[in-house]
Amino acid sequence: MKPNSILYLLLHLLVLSFSLAAKHGPSSIVFTTNGRLDYYFDIFTLPIGHPSHPTTETRITDGQSVNFNGHFPSSTFFPNQTRIRSPTRPDPSLQIIYVTERDGFSNIYYDAVYFDSPSSIRKRSALEVVDRVQVPLLGLDGVSMKDKPSLTGEYLVYVSTHEDSGVPRTSSAAVYSTELNSGLTRRLTPYGVADFSPAVSPSGVWTAAASYGPKGWDGEVEELSTDIYVFLTRDGTRRVKVVEHGGWPSWVDESTIYFHRRGEDQWWSIYRAILPRGGPISTESVVVERVTPPGLHAFTPATSPGNHDFIAVATRRPTTSFRHVELFDLVKGEFRELTRLVAPRTHHYNPFISPDSSRVGYHKCRGNANGKKSPKLFLQNIHSSIPNLSVLRIDGTFPSFSPAGDRIAFANLPGIYVVNRDGSNRRKVYPGKAFSTAWDPVRKGVIYTGAGPEFAPESAEVDIISIDVDRIAVKKLTTNGKNNAFPSPSPDGKRIVFRSGRSGHKNLYIMDAEEGERLGLQRLTEGPWTDTMCNWSPDGDWIAFASDRENPGSGSFELYVIHPNGTGLRKVMQSGSGGRTNHPWFSPDGKSLVFTSDYGGISAEPISNPHHYQPYGEIFTVKLDGSDVTRLTQNSFEDGTPVWVPSFIRPSDVEWPIDRPSCSFDDLHCLSDFPRHGQNGGVGAVPWLLSKPQCGA
């Protein structure tokens, strides 16, 4: 990036921060992320030349927060190592570059890990290392995501989202290179384009990345319709598409790239692209060959320089519910299992191989490594660049705060819970299926929710109930069971707005807060579309909601506001063609909304992560006139169900004071879809399926 561009970005962020601070008093935004607080990822490694066993696995990273998507640098990393050298040992036993999320920031770290002797690597875990040197490689540039780092010489190549694309439903993910001695950063991805999963060739001359190119993202949430592009690492020039339909490239030499795609037979498989050594390079001149067979899913390939004997891949076999790392012998065409022999009931992600081909690395949930528990977080601080606004992730969905701010209600699907703000006194106040929570602003200890299944049709039995959380008394407020959900009380506590499917379409209605629809209903919206996720403003003047009324049934939602008397309907926010803006919640002063949206597109290949239904979900704010759209979170996960709290919560992590299970998250659901043999070419899969994995050294 040019120096004047950096100055402009900093000035823009400064002006934005002051303007946002001026328009809002001290407050907090709390949201949920599907599964994120269960991850506890650390990076581990296994020696390739030894049989896989729990005693041969080494944990490299330090057990702080989440650490993932590692890379083994070459032995020539940092010719001038004075700033990272251990005072007691000149050469590290292991060194690694990886992505980490700490203190509310995403960054890329370098760790040098030291053991007593090389042989101890096979006997110790990283919890018993005698020394560690740890260096953050990038400065903090506000709220942005970092991903998929590689090193070539003194240049760090990686993905960052710190430059806003400025276009709805367009990703800000781009490839950058940073010269680590000077800090000079250059953007390698053209503006208006998003790149993912970069890999640098062994010489460092070329970088390959998965990209939409100029066509852009079309809303995919499982396999992205990306192609493979190659460009010069030094400046991003000579960019050319070499493969149509592919992702997660990995070089083995200057003319061979391995990548993954889901084939016509619906199996995820590894493919090889052979680039011409002379003449022009294009999709027509590149030879593409399938490498791994049908019969199992294989993806996120890893190579090492000049190694034409084997690659490492992540797999999902029909015989297991867990993702594992295996080697694939390129000569024999056979798999060799690795991680299943070490931790068969744990997911293992995104393998990478050391430059000398002696080790494979990957990340997984550390659990209770060496008998030491990782504390489960109740609230996680996310860095906020806006003064007087804290942003926190909560371990629960649909959170809402009591009027006094001392208690939080949330859904755990199933069940509604109430907990003190410090995580103590966690109680289940409703055992059944329920979603969304809202506190009565007047009657102490009363919350409202929709009891019944989520994501259900108009005729599903869902009803609004009130719960006195101190007496555990439940009262049913709607009686027809026609998908009544998302209750939000008026600021005087007298009425509730909610959505209902009683007309055959989901529209908004208003009823009495204490007696419910027994005292009658006011229909607020009417039409053959879905109006939902309503929230009443603190001053009582507006009701915000999400609606697909512009294209009913399309899944595309925009934000609207309307007066409680049915007048003043207007659109506040449009995500873009086919986009989604959902779960609006008013700011304490009633002048802005926080919401979740795909406005920022997608930031990483979904197959590289655990399951997220909507991996594009990020948290945004917007003024009621549609101006000042501000992105608060940037990651490759699913952020949603935000609430804007009228008090400033200290921006620090809060641990559950009770023992809570961790590592309980789902792998990508589409990997559980296995094509039937004999269908779409599946007959040819039978011999491959019968080829048993090789478990020996």
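**A walk through loops, a sheet and some cavities**

A quick word on "strand": strands here are DSSP runs of E with at least two residues, numbered from the N terminus. Please keep in mind that this is a predicted model, where local features need pLDDT of at least 70 and side-chain atom pairs count only at pLDDT 80 or more, while totals for chains, interfaces and linings use all residues. Residues are numbered from 1 along each chain as its sequence is written, and side-chain values use heavy atoms, with hydrogens and water left out.

Back to our serine. Ser 65 is not a glycine, yet its phi is positive, at about 55 degrees.

Now compare Arg 169, in the loop between strand 9 (155–160) and strand 10 (174–179). Arg 169 also has a positive phi, near 60 degrees, and is a residue other than glycine. Arg 169 counts as buried because its relative accessibility is 12%.

The peptide bond from Leu 413 to Pro 414 is cis, with omega near 5 degrees. Pro 414 belongs to the loop between strand 29 (407–411) and strand 30 (416–420).

Four strands form an open sheet in the order 44-45-46-47, and the pairing is antiparallel. Its edge strands are strand 44 (581–586) and strand 47 (630–631), each pairing on one side only. Two strands pair if DSSP finds at least two bridges between them. How many bridges join strand 46 to strand 47? Two bridges do, and strand 46 covers residues 618–623. Thr 621 has Thr 630 in strand 47 as its bridge partner.

The loop between strand 44 and strand 45 (592–597) holds Gly 590. With 6% relative accessibility, Gly 590 counts as buried. Leaving aside neighbours within four places in sequence, Gly 590 is in contact (heavy atoms within 4.5 Å) with Pro 538 and Leu 624. Gly 590 and Pro 538 are 52 residues apart in sequence, but 5.8 Å apart in space, C-alpha to C-alpha.

Finally, the empty spaces. Rolling a probe the size of a water molecule over the atoms shows where empty space is left. On a 1 Å grid over the protein atoms alone, a cavity is a set of points where a 1.4 Å probe fits but cannot get out, and lining residues have an atom within 4 Å of a point. Points are joined across faces, edges and corners, and the volume is the space filled by probe spheres set on them.

How many cavities of 30 Å³ or more are there? The count is seven. The largest cavity holds about 200 Å³ of space. It is lined by 16 residues, and the closest to its centre are Phe 398, Ser 436, Phe 486, Cys 534 and Trp 585. Strand 44 from our sheet is one of the elements giving two or more residues to this lining.

The second largest cavity has a volume of about 70 Å³. Among its 14 lining residues, Phe 68, Met 145, Lys 146, Asp 147 and Ser 636 lie nearest the centre.

How values were computed:
1 Å grid on protein atoms, 1.4 Å probe; cavity = no way out; pocket = protein on both sides within 12 Å on 5 of 7 lines; lining within 4 Å. Buried < 20%, exposed > 50% of the residue type's maximum accessible area, 1.4 Å probe, protein only.
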